[in-house]
Structure formats: structure tokens, C-alpha cells
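Take a walk through this model, one site at a time. Start with a pair of helices, then move on to the metal and the loops.

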Amino acid sequence: MQASKFIVCEHCDVVYQRADLARKQTALCVRCGAELYRGPTMQLQTMLALVVTSLVVFVIANVYPLVAMDMHGVENHSTLLGAIGAAWNTGVGSIAVLAALTVFLFPLTQILLLGYLLGSLLILHRKPFGFIDIMHALRLMRPWSMVEVFLIGALVAVVKIAGMAEVHAEPGLYALGVLTFLLTVVNAFDLRLLWDARERLPE
Ligand SMILES: [Zn+2]
């Protein structure tokens, strides 16, 4: 969400020069009254809502099994961490570690750190402790949070296994799909808004 200098009304095509909005202000089109863009606090509140939703969906994706397999009458439910553990046990340790980092550890750390920063800034109105280090960590982690790669891999595996055993998707897999979408949106947020929000708070 890079802020550009100009903004075009989506409804009537009038072009405006973007001005800095204060907290909770909304810029409206003079001609048609449509919303053009919002002040930083509103965007941050949307971000906080998405981060909290991501955490809930992350928990669901990890608690519920991803797939269920029925092999000769024996039902086998596999969770995300169960699949990573199985990969580790079958000797593909490097894949297990990679999956654990990119699908579990990085996304969870990202969600928790963003939640901590946004919660401090928006709810407690306090400058978060360790802000600069956390912002650097978030920037470094961004490209390594790759739930979508795992999701595609899981879907391919399901299709392949489908020939050998009865297999069906379980709630965890749907949650993982939703999480992929949510994290894409969260990762598109302009982190500079957090710097701005911190600047506006008194010492
Ligand atoms: Zn307009």
C-alpha cells in the first residue's frame, strides 16, 4: 500500500492531490462524495483486526487435521505439525526444518510481533518496547513466511495420495487456505504507518 502523490476517485475519475490526514479522518470526493482514502489510524485498526483474525485462523489451522486418509479401513488424521514431524522421522529433515520455519515459526512470530506493536500503539497508546528491533525482524521475516508454498504442496500430495487411499480435506486445510489469503494482505501493509503512529505518541 504505497502512498502515491495523486489519487483518482474510483467512482467519477476526478484526480486529487493526496494530503496527509489526521487520525480517524477520511478523505471524500468533492464531486460524488465517495471515500477516497483514510487516515493512518483507521488503516492501523484494520491491520490490527486482520492480525487478530490471522492468529485465530493460525490456531485453527494447527489444531485441526489438514487431511484424513482411509487406508484399508484405518483412518489417519494428519495435522500440520504432525506432517512436519512425519517428514522429520522419515529422514527428510531439511524439508521438515524448512517447513517448520516457513509455515509455522515465521508466520506465528510475524503475527505475534505485529499484534504486540499494534496493540501497544492503538490500545495502550504506548511506544512499544524494542520497536526498532522488532520492525527490522519483521522486514527480514516477510519473504520467508511462505504458507502458500506449503498449501500448494499439501494439495499436490492430497491429489497424489487420492489414487492410493481414500483421502479428504479437513478443517485445518481450509483454515490454511484462509490464512494464506490473510497473510498476503497483512504482508502488503505499509509498515511505515507503524513508524508514523509511534512518532505521534508523546514520550
Ligand atoms: Zn467522485
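**Two helices in contact**

Phe 131, Ile 132 and Met 135 in H4 meet Leu 194, Trp 195 and Arg 198 in H7. Contact here is heavy atoms within 4.5 Å. By class, the H4–H7 contact has 5 nonpolar residues, no polar ones and 1 charged residue. Ala, Val, Leu, Ile, Met, Phe, Trp, Tyr, Cys and Pro count as nonpolar, Asp, Glu, Lys and Arg as charged, and the others, Gly among them, as polar.

The model is predicted: local features need pLDDT of at least 70, side-chain atom pairs count only at pLDDT 80 or more, and totals for chains, interfaces and linings use all residues. Residues are numbered from 1 along each chain as its sequence is written, and side-chain values use heavy atoms, with hydrogens and water left out.

H7 covers residues 192–200. Helices (H or I, at least four residues) and strands (E, at least two) are DSSP runs, numbered from the N terminus. The axes of H4 and H7 are 11 Å apart, and the packing angle is about 170 degrees. Axes are lines fitted to C-alpha atoms, for helices over the stretch in contact, and angles run from 0 to 180 degrees between N-to-C directions. H4 and H7 are therefore roughly antiparallel to each other (angles over 145 degrees count as such).

**The zinc site**

Which residues hold the zinc ion? Cys 9, Cys 12, Cys 29 and Cys 32 coordinate the zinc ion through their SG atoms, at 2.2 to 2.3 Å. Donors are N, O and S atoms within 2.8 Å of the metal (3.2 Å for Na, K and Ca). The site is tetrahedral, with angles of 104 to 117 degrees among its 4 donor atoms; four donors count as tetrahedral if all angles lie between 85 and 135 degrees. The donor spacing in sequence is C-x2-C-x16-C-x2-C. Cys 9 and Cys 32 link distant parts of the chain, 23 residues apart. Cys 9 sits in the loop between strands E1 (6–8) and E2 (15–17), Cys 32 in the loop between E3 (26–28) and E4 (35–38).

Cys 9 is buried, at 1% relative accessibility, while Cys 32 is partly exposed at 38%. Buried means under 20% relative accessible area, exposed over 50%, partly exposed in between (1.4 Å probe, protein chains only).

**Two positive phi angles**

Asp 13 lies in the loop between E1 and E2. Its phi is positive, about 65 degrees, although Asp 13 is not a glycine. Asp 13 is exposed, with a relative accessible area of 57%.

His 125 lies in the loop between H3 (93–124) and H4 (131–141). Phi of His 125 is also positive, near 55 degrees. His 125 is partly exposed, at 44% relative accessible area.

Note on methods: Tetrahedral: all angles 85-135°; square planar, octahedral: opposite > 155°, others 65-115°. Parallel < 35°, antiparallel > 145°, perpendicular 65-115°, else oblique.
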